[in-house]
Amino acid sequence: MIGIFHVFMWYFLLILYMGQIRGVFGTYEPITYKTGCALWGIIFITAGVSIIRVVRHPTQGMITFALIMNIFCIIVAVIASILTTIELSSFNSVSYRNYGQAKLGREVSRILLMSYPLEFSIALTYSIFGCIGLSHHHNEDTLTAVTEEAESTF
């Protein structure tokens, strides 16, 4: 869900920033827009799909893949948080025609910045339980799903 939200926000920013008019002070093109930071939500979607597949068909390979994707999500969430913080910490003047679009784009970046810690915590939780699932697989010959392991600890 978070990944789909990020992809939709990227599309919104794409339409927003493409509609800018070149003025005396230029256009507003933040670093997160240039790197496609919100489009990285595709990685969050892939990790979510891998977790769902692990729950339905738990194999050692799928648990390992889900663990790798969740670790990758953690890295992406940290990098995106850093880039968004850099973007929001500085604001160069833009043409008065583009000021409203730049202001709205910065508000979208603030909303995305609030969702990165959520994605970080979800990916970290599933990574921890993925490691537990892999260690139990090596210790026992039975294989449990990551969510079953999480439910049994509570």
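**Ground rules.** I'm working with a predicted model, where local features need pLDDT of at least 70, side-chain atom pairs count only at pLDDT 80 or more, and totals for chains, interfaces and linings use all residues. Residues are numbered from 1 along each chain as its sequence is written, and side-chain values use heavy atoms, with hydrogens and water left out.

**Overall build.** I looked up the elements and found 6 helices and 0 strands in the protein chain. Helices here are DSSP runs of H or I with at least four residues, strands are runs of E with at least two, and numbering starts at the N terminus. Next I checked burial: 42% of the 154 residues are buried (under 20% relative accessible area, with a 1.4 Å probe and protein chains only). Then I looked at contacts (heavy atoms within 4.5 Å). Among those between residues at least 6 apart in sequence, 75% join residues at least 24 apart.

**The core.** Which residues touch the most other members of the largest nonpolar core? I43, F44, C73, V108, L112 and Y116 do, out of 17 residues in that core. For a nonpolar core I used buried Ala, Val, Leu, Ile, Met, Phe, Trp, Tyr and Cys residues joined through side-chain atoms within 4.5 Å. Helix 1 (2-18), helix 3 (41-56), helix 4 (60-89) and helix 5 (99-139) each supply at least two residues of this core. Helix 4 gives the most, with 5 residues. There's also a second, separate core of 6 residues, including V54, A66, L67 and L134. Back at I43, I left aside neighbours within four places in sequence and found contacts with M69, F72, C73 and V76.

**S50.** This serine sits in helix 3. Why does S50 count as buried? Because its relative accessibility is 2%, I put S50 on the buried list. Its side chain reaches the backbone oxygen of A47 at 2.7 Å. Leaving aside neighbours within four places in sequence, S50 is in contact with M62, F65, A66 and M69.

**G105.** I found G105 in helix 5. G105 is buried too, with a relative accessible area of 0%.

I searched on a 1 Å grid over the protein atoms alone: a cavity is a set of points where a 1.4 Å probe fits but cannot get out, a pocket is an open set with protein on both sides within 12 Å along at least five of seven lines, and lining residues have an atom within 4 Å of a point. Grid points are joined across faces, edges and corners, and a volume is the space filled by probe spheres set on the points.

The largest pocket has a volume of about 260 Å³. Of its 14 lining residues, M1, F44, G48, E119 and I122 are the closest to its centre. Helix 3 gives the most to that lining, with 5 residues.

How many cavities of 30 Å³ or more does the whole structure hold? I got 2. The largest cavity has about 80 Å³ of space. Its lining includes W10, Y33, C37, L112 and Y116. Helix 5 gives the most to this lining, with 3 residues.

Key:
Buried < 20%, exposed > 50% of the residue type's maximum accessible area, 1.4 Å probe, protein only. Polar contact = N/O pair within 3.5 Å; in protein donor to acceptor, adjacent residues only side chain to side chain.
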